[in-house]
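Please find below a short note for a colleague who is new to this structure. The points are numbered and may be read in order alongside the model.

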Amino acid sequence: MKNGVMMQYFEWNLPNDGNLWKQLKKDAVHLHQTGITAVWIPPAYKADEQQDEGYATYDLFDLGEFDQNSTVRTKYGTKDELIETIGELHKNKISVYLDTVMNHKAEGDYTEKFKVKEVDPKERNKDISDEIEIQAWTGYLFKGRGNKYSDFKWHWYHFSGVGFDDAQKKSGIFRILGENKYWSEGVDDENGNYDFLLCNDLDLDHPEVIKELNRWGIWVSNELNLDGMRLDAVKHMEDKFVKQFLETVRAERGNEFYSVAEYWNGDLATLEKYLAAVEKTTDLFDVPLHYNMYKASKFGKDYDLRRILDDTLVLHHPDYAVTFVDNHDSQLGSSLESEIEDWFKPSAYALILLMEKGYPCIFYGDYYGINGGKPLYQPIIDLLLNTRRKYAYGEQKDYFDHPSTVGFVRMGDKDHAGSGLAFLMSNNIDGNKVMNVGVNRKGEVWRDLTGNVQKKITIDNEGNGNFLVEGGTLSVWVKF
Ligand code: CA
């Protein structure tokens, strides 16, 4: 992923018009020209209803091809459109990563009766009922698809828990009982055991489930000619399953098949434990960095910017860090709401796009606007992408040495004439910082590409520049 930039090509409020695949196809040339090298596309398979974003998964083998749940297409379009779009993206040297939801399934086609114990939602290892029989929507027929691609039919024993008893019309967390059946061990320990998230929780220790998902992983990667996956909700999934799943798909598609997993936890030690458990078979989103930037944006001048990279993946495990500012879950109104405030977004994007380490991911909502609103950050993101391509090369030297004005220098390299840059951001008053860009740059006149600072500066005989930044903004300095 050397110098690659990923884009998350959806947000939570897209209209249910079946147009996303067509839009993405038309956008492929522009994305390539802008510097996007990979797109993360939303869950592309049949959900419980047409308007669902795809996370309430119904049939993984229905990529908008069969009449099921009252629709052929998904929220985003049909399978044929998706295949055409991926072809166009590949023509433009853009890799495609599919959002992959294997933790749970939405309700099935018919109810089944089986034995459970209800558990305490805050302590999932604690039963709060005796053994009881419930009736839940765990039977799947896939009538519209029949046996095409797979004749596997899901039943209650392929799940480890459900969230609803239809007999009593009662919500709760019901742990399914059976031989060798319990919550998975390799999951986050929040709430005692965080295997169950919602809907019907797949039993990822069940041999039939493992076999079927592995088969699907190979099928969907071949069918769509995927370059990688974004794995949803892995903190709720058996880690041993995730590792062997990726190894299985890579055995078919090659070792370069990419993976980034969503382990939504801001604690570095937890993410390190996970990387070790899956033996680094996947990258992870840098959730600690997201939360640092979120806090920086909330606390304004009271945040100590020297700490912005503290305890982040990109600092400690740069080769496994996907850096991002916001996503569909952090955007306002979503389940993990923690959206970076407007004033700080340009600085946050500059940080992830201009720094040497990490694999940056741009959010559709920031680039194209949320809910049809204005694309407020497109100009600055375009400018930063352009800067990344032209100037962001060579060694990085950090100047995280002042509570309200921090930055770094990229020294440039021989392969990119005139490359190298100086970046500063401020969360308080106007600031300045002397940074060294190399003695070979003496006498050069540099300017701020963002236009926030109009004054030009000259590099002195030692290679130092006294770079400026306006209060509460950023500046990106390059040779004039
Ligand atoms: Ca689970």
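**Notes on the predicted model**

1. Leu-424 has Ser-475, in strand 25, as its bridge partner. The model is a predicted one. Strand 20 (residues 421-426) and strand 25 (residues 474-479) are paired in the antiparallel sense, with 4 bridges between them.

2. An open sheet of 6 strands runs in the order 18-19-20-25-22-23, and its pairing is antiparallel. Strand 18 (396-399) and strand 23 (457-458) form the edges, each pairing on one side only. Helix 8 (residues 345-354) packs on this sheet, where it touches strand 19 (405-410), strand 20 and strand 25. The direction of helix 8 makes about 150° with that of strand 20.

3. Helix 2 (residues 79-91) packs with helix 3 (residues 207-224) at an angle of about 65°, the axes being 9 Å apart. The two helices are therefore roughly perpendicular to each other. From helix 2, Lys-79, Leu-82, Ile-83 and Ile-86 meet Trp-219, Glu-223 and Leu-224 of helix 3. The residues of this contact comprise 5 nonpolar, no polar and 2 charged.

4. Distant parts of the chain are linked by the pair Asp-195 and His-236, which lie 41 residues apart. Asp-195 is in the loop between strand 11 (170-176) and strand 12 (200-202), whereas His-236 is in the loop between strand 13 (228-231) and helix 4 (239-253).

Terms used
Residues numbered from 1 in each chain as written. Predicted model: local features only at pLDDT ≥ 70, side-chain atom pairs only at ≥ 80, totals over all residues. Heavy atoms only, no water. Axes fitted to C-alpha atoms, helices over the stretch in contact; angles between N-to-C directions. Parallel < 35°, antiparallel > 145°, perpendicular 65-115°, else oblique. Contact = heavy atoms within 4.5 Å. Nonpolar A, V, L, I, M, F, W, Y, C, P; charged D, E, K, R; others polar. Pairing = 2+ DSSP bridges.
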